[in-house]
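Here's a quick tour for anyone meeting this protein for the first time. Have a look at the model, then read on.

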Amino acid sequence: MAPTIEIKESTVLVILGASGDLAKKKLFPGLYGLERKCLLPEDFQVVGFAPDQISHEEFVNIIRSPVKLESPRFAEQLKQFCNRCSYVSGHEGGDKSFEALKKKLDEIGHGKKEQHRLFYMALPPSVFVPMSEQLKKHCYSEKGQTRLIIEKPFGHDLESSRELQRSLDPNWREDEIFRVDHYLGKEVVNNLLVLRFGNEIFGSIWNQRNIDNIQVSILEGKGAEGRGSYFNSTGVIRDVMQNHMIQILALLTMERPKSLSADDLCDQKVRVLDWIQPIKVEDTIIGQYAKSGDGEKPAFKDEEDVPDDSRCATFCAAIAHIDNERWNGVPFFLKAGKALNESKTEIIIQLKHSANANIFKDMVPNKLTIRVQPNEGVFLTVNTSVPSLTTSIEPMDLDLTYRDREIPEAYEALLLDALRGDYSRSVRGDELDASWKIFTPLLHHLDENEEEKPREYRYGSTGPEGLDEFVTSYQNRSKM
Ligand code: NDP
Ligand code: BG6
């Protein structure tokens, strides 16, 4: 692994949008997790910034509320963490708010030789650019590093993503922007590189000669509950496929990087993404969930602020192709959806049937299953003899479950990276470009053509009808 970088002394993390959902559910719990693991330097400080005029106690309650204390001894660590946190209200708006924030940061840095400032933009995307301009104008550190941490969505298509980048360019260098895709913080996603490049057994079969097809699924059992308006303007392709799924795909298919440095890793990710053809509408199945069979669970159109004529995709199955030497002819089945029969993120590497005449009957092709969540693990399906007096064969799983191992939260891992300045799991600007190129023509086609109506599927089902036939037809094509 790359050498561990320490968080610099005198680092302050400012969370802009500290009263919002992301801050409450992910960022404060992630930071508290780092406190519990004793990974924060003694003088590390957190400043919350949001329009609300709230007291320090009210702010501390926001931080405390999602934390589950498994043991009384953690109460002391939580208190210690809250002591690092302070709040600045941005209620006055404009320059005045940012002057107040600067004043707070200067107070914290008073008498110190250095101060490193990180700004986490847990804000609506519409205010990213104006807020980042204010930060540059008022709060840029004069005696240390300054970094901006931003979350998806990075635009809504190729052009708007480039536009966002152009707007940030005059004020922020690429090495001052840390782009978070929380899937890159998930342990099993992180393990993909080790699995591939740390084990010769997998490295040697990782190509079109041995692999029949690859399936990547991000399935969710819940609908867009409470986020109808956001989801209606986003849809599942922009919400999870262009970002989380593409990151998984890049790590699965890229060539071996020269080193684990951020640039070497991103270079290889971009290189393989550039080989992926833009996804064609005829290579997709687009769906939208209707009420559950028993009528208990709502249709997407029943969600608040979703119009009755919404054509938003809450499900998408797509076939991608990578036209390079390693992957030519291997179909990649990508599937993501809400309100399905299960919640599961999984990668299946389906190996080919052995071409050699085999001395055994009933052999199944080997299959490697990488379960990202829940019940993280890696399973290799192999043929084994049934313990009996016959020569029967059955498929069994070699099982590498993470069962007894403590798995860090994705946000803990990425916050730590950002605080350390380790960019190996940050999304580089050109990765965004490459990933938007894959989906933008499809998205424009779906947005612009009224006649493109998603197929309905029941809440709690496996997705729209026709899915199995769709997948089988590509599996057959790949064998021709
Ligand atoms: P919320 O709407 O819950 O919170 C937004 C925060 O920004 C609130 O604190 C809000 O304050 C504040 N805010 C809004 N407008 C301004 C403004 N003009 N000036 C200063 N502060 C402002 O959003 P989320 O927390 O859900 O999301 C934040 C960002 O993170 C978004 O870009 C989202 O797409 C992204 N994201 C969120 C995820 C999640 O799990 N929630 C997951 C992945 C990405 P107030 O409430 O007072 O308006
Ligand atoms: C977020 C999406 O980026 O990822 C959500 O906006 C989705 O709609 C979530 O539910 C899935 O993340 P996880 O970690 O729950 O698999």
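A salt bridge here is a side-chain nitrogen of Lys or Arg within 4 Å of a carboxyl oxygen of Asp or Glu. Asp106 and Lys102 make one, with N and O 2.6 Å apart. Keep in mind that this is a predicted model, where local features need pLDDT of at least 70, side-chain atom pairs count only at pLDDT 80 or more, and totals for chains, interfaces and linings use all residues. Residues are numbered from 1 along each chain as its sequence is written, chains are lettered from A and ligands numbered from 1 in the order in which they are written, and side-chain values use heavy atoms, with hydrogens and water left out.

**The big picture**

- The protein has 13 helices and 15 strands; these are DSSP runs (helices: H or I, at least four residues; strands: E, at least two), numbered from the N terminus.
- Its radius of gyration is 24 Å, close to the 23 Å that the globule rule gives for 480 residues, so the protein is as compact as a globular protein of that length. The radius is taken over C-alpha atoms, and the rule is 2.2 Å times the number of residues to the power 0.38.
- Along its principal axes, the C-alpha trace spans about 80 × 50 × 45 Å.
- Of the 480 residues, 52% count as buried. Buried means under 20% relative accessible area, exposed means over 50%, and partly exposed is in between (1.4 Å probe, protein chains only).
- Take the contacts (heavy atoms within 4.5 Å) between residues at least 6 apart in sequence: 76% of them join residues at least 24 apart.

**Charges and salt bridges**

- There are 61 positive and 76 negative side chains, and the centres of the two sets lie 3 Å apart. Lys and Arg count as positive and Asp and Glu as negative, while His and the chain ends are not counted; each charge is placed at NZ of Lys, CZ of Arg, CG of Asp or CD of Glu.
- How many salt bridges are there? The count comes to 27.
- Lys137 pairs with Asp95 at 3.2 Å between the closest N and O atoms. This pair links distant parts of the chain, with Lys137 in helix H5 (residues 128–139) and Asp95 in helix H4 (residues 94–109), 42 residues apart. Lys137 is exposed at 58% relative accessible area, whereas Asp95 is partly exposed at 33%.
- Back to Asp106 and Lys102: they are four residues apart in helix H4, so about one helical turn separates them. Both ends are partly exposed, Asp106 at 33% and Lys102 at 27%.
- Arg326 forms a salt bridge with Glu255, the closest N and O atoms being 2.8 Å apart. Arg326 sits in the loop between strands E9 (315–320) and E10 (332–337) and Glu255 in the loop between helices H9 (228–253) and H10 (262–274), so the pair ties together parts 71 residues apart in sequence.
- Asp263, Asp267, Arg428 and Asp430 are linked in a network of salt bridges.

**What's tucked inside**

- Which residues of H5 are buried? They are Phe128, Val129, Met131, Ser132, Gln134, Leu135, His138 and Cys139. Their cover includes strands E1 (11–16) and E2 (45–50), as well as H4 and helix H6 (158–168).
- Thr381, in strand E13 (residues 377–385), is buried at 12% relative accessible area. Leaving out residues up to four places away in sequence, Thr381 touches Asn366, Lys367, Pro395, Met396 and Asp397.
- Val67 is in the loop between helices H2 (56–64) and H3 (73–83) and is buried at 15%. Beyond residues up to four places away in sequence, Val67 touches Tyr32 and Leu78.

**Backbone details**

- A cis peptide bond joins Lys152 and Pro153, with omega about 5°; Pro153 is in the loop between E5 and H6.
- Another cis peptide bond joins Gln373 and Pro374, with omega about -15°. Pro374 is in the loop between strand E12 (367–373) and E13.
- Ser10 isn't a glycine, but its phi is positive, near 55°. Ser10 lies in the segment before E1 and is buried at 11% relative accessibility.
- Cys38 also has a positive phi, about 60°, without being a glycine. Cys38 is in the loop between helix H1 (21–36) and E2, and is exposed at 63%.
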